[in-house]
Amino acid sequence: MTALDPRYAWVRRLLVLAILLAVWEAAGRANMLNPLYAPSPSQIGSALVELFGDGRIWPHLEATFSAALGGLLLGIIVGILLGVVAALVPFIAELIEPVMTLLNAIPRVVLAPLFVIWFGIGLSSKVALSFILVAVLIFFSVFTGIRQIDRRLVERIVTLGGDRAALVRHVYLPSVAAWVLGSLKVAVGFAFTGACVGEFVAASRGLGYLLSFAQSTYNAALMMAIIVLILAVVLIIFSLAGRLEKHLLRWS
Amino acid sequence: MRVRNLTISYSGEPVLEGASLDVDEGRFVSLVGPSGSGKSSLLRALIGLQKPLAGSIKTGLSRSEIGILFQDDALLPWKTARDNVALGLTLNGTTRRAALDEAETWLDRLGLGGLGDRFPRKLSGGQRKRVALAQVLVMKPRLILMDEPFASLDAIVRARIVRDVVALVEREKISVLLVTHDLEEAISLSDAVYLLSQGPRAHVTQHYAVPIPRPRDPVRARMHPAFAPLYEKLWSDLSREVDYPRAVAA
């Protein structure tokens with residue numbers, strides 16, 4: 001079997017995607033697909049162009065981005081703080097760990113309707129849902145990470161004359177940064193999931209709201225256009241997070 | 001350094017009981033013994049990583065004058081070789097600029113010139129060991145504790161590093177306490193060798209002077225007339241220590 005050159009994997013993927021789209025388009029134009037259920041790629045493209053062309057999309061993008069990035073930022077900060085405190089103070093760990101384990105075990109998006117009741121249909125309920133999705137992920141990443149920290153590194157700092165502050169600066173903080181960066185891509189996905197699901201449940205703006213609107217009007221082309229848009233947004237942020245991770249973790 | 005009646009216990013029965021040994025200034029001393037005789041525990045107690053149950057340790061040195069080399073190099077993976085070497089100096093109050101200059105000097109001295117910007121992952125095992133050694137030597141220690149630091153290296157790299165270490169400690173008159181399983185290494189490097197009994201409740205059973213003159217080449221030292229008889233004696237005493245508990249149990 002001929003070995004594939006990994007450098008051109010993206011070309012092969014792009015080619016397969018192009019073929020699939022062409023087959024899909026051809027099937028649509030040959031009336032083999034019902035556009036009510038499966039609009040052709042060109043119809044989805046038209047819906048996308050229309051969204052951007054009349055500028056309708058911008059307030060929705062702004063709403064989803066605000067909710068996702070707000071939840072992401074808050075989730076990372078709170079997740080790190082709780083993870084560090086729980087890892088260093090056994091009493092706090094006793095209190096927090098079961099709650100986090102429970103939150104981790106359930107599909108946390110079920111909290112969306114509750115957050116709408118608590119925080120209203122505005123931005124806050126979406127930020128809250130993104131936050132809870134991200135915070136639990138980051139908490140476990142930091143909590144388990146600190147508990148499994150390499151004791152040899154701690155002893156190295158101690159034997160070189162370092163105090164507790166030196167340990168935090170030279171061992172704990174870089175370790176925490178590594179674990180958080182390692183979870184960043186998943187966290188970005190969770191943050192957008194939270195924002196979109198929150199908007200889908202109850203909102204007046206946002207990509208999730210647009211999805212809900214498209215569903216209620218049976219507009220499959222609009223629905224797929226929004227899904228493509230969400231995919232594109234998440235892929236761009238994934239790529240940025242990947243570059244940040246690669247740069248900051250260049251030592252690993 | 002004077003260690004008297006040192007007892008170390010993790011929980012329950014002591015791993016080491018009443019161990020005494022001396023490391024005089026500028027002397028290279030080795031500690032050998034069966035597995036589980038508390039050799040590493042003794043070193044950890046000397047550096048303050050393990051609180052002894054009883055006994056005394058007198059070094060007459062400040063904390064920064066004692067260095068330790070572990071079997072694992074334990075370099076911080078997120079710091080470059082230069083930053084790893086400079087770390088001890090900055091932790092003890094040297095400015096970062098001066099610490100980095102000094103680190104560069106030691107990297108050059110240990111044959112790592114031009115590798116200062118590399119992260120540990122990008123270094124070979126031998127290079128990482130040299131960085132760890134530079135990290136200790138940059139502090140200008142008067143006493144270095146070594147816990148089988150060369151065990152993980154292949155034979156050629158090991159021979160080269162050991163030769164450099166011996167030359168350095170002889171020139172700088174640094175005292176060394178080396179823990180090792182390797183009797184040949186213990187004799188070829190040391191001025192004195194202590195033998196620990198089988199643990200638990202291990203203690204120093206024998207003390208041997210090594211009559212091989214200095215300056216010393218660790219490879220040629222193995223061909224010195226005093227080497228073979230001392231090796232045989234140590235081997236026989238160590239075997240007895242390993243066999244004795246088995247005989248008692250039987």
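This is a predicted model: local features need pLDDT of at least 70, side-chain atom pairs count only at pLDDT 80 or more; totals for chains, interfaces and linings use all residues.
Local features need pLDDT of at least 70 and side-chain atom pairs count only at pLDDT 80 or more, whereas totals for chains, interfaces and linings use all residues. Residues are numbered from 1 along each chain as its sequence is written, chains are lettered from A in the order in which they are written, and side-chain values use heavy atoms, with hydrogens and water left out.

**View 1. The two domains of chain B.** The domain assignment, automatic or from a database, gives domain 1 (2–61 + 146–249) and domain 2 (78–141). Their centres, taken over C-alpha atoms, are separated by 27 Å.

**View 2. The interface of domain 1 and domain 2 of chain B.** About 800 Å² is buried between the domains, 74% of it from carbon and sulfur atoms; buried area is the accessible area (1.4 Å probe) lost when two parts are put together, summed over both. In domain 1, B:Ile161, B:Leu168 and B:Ile174 lose the most area to domain 2, together 48% of what that side buries.

**View 3. The salt bridge across this interface.** The rule (a side-chain nitrogen of Lys or Arg within 4 Å of a carboxyl oxygen of Asp or Glu) finds one salt bridge between the domains. The side chains of B:Arg130 and B:Asp164 meet in a salt bridge at 2.9 Å, N to O.

**View 4. Helix H2 of chain B.** In this helix (residues 81–91), a DSSP run of H or I with at least four residues, nine of the eleven residues are buried, meaning under 20% relative accessible area (1.4 Å probe, protein chains only). Among them are B:Arg82, B:Asp83 and B:Leu87. Just after H2(B), B:Gly93 takes a positive phi of about 100°.

Conventions. Buried means under 20% relative accessible area, exposed over 50%, partly exposed in between (1.4 Å probe, protein chains only). Helices (H or I, at least four residues) and strands (E, at least two) are DSSP runs, numbered from the N terminus.
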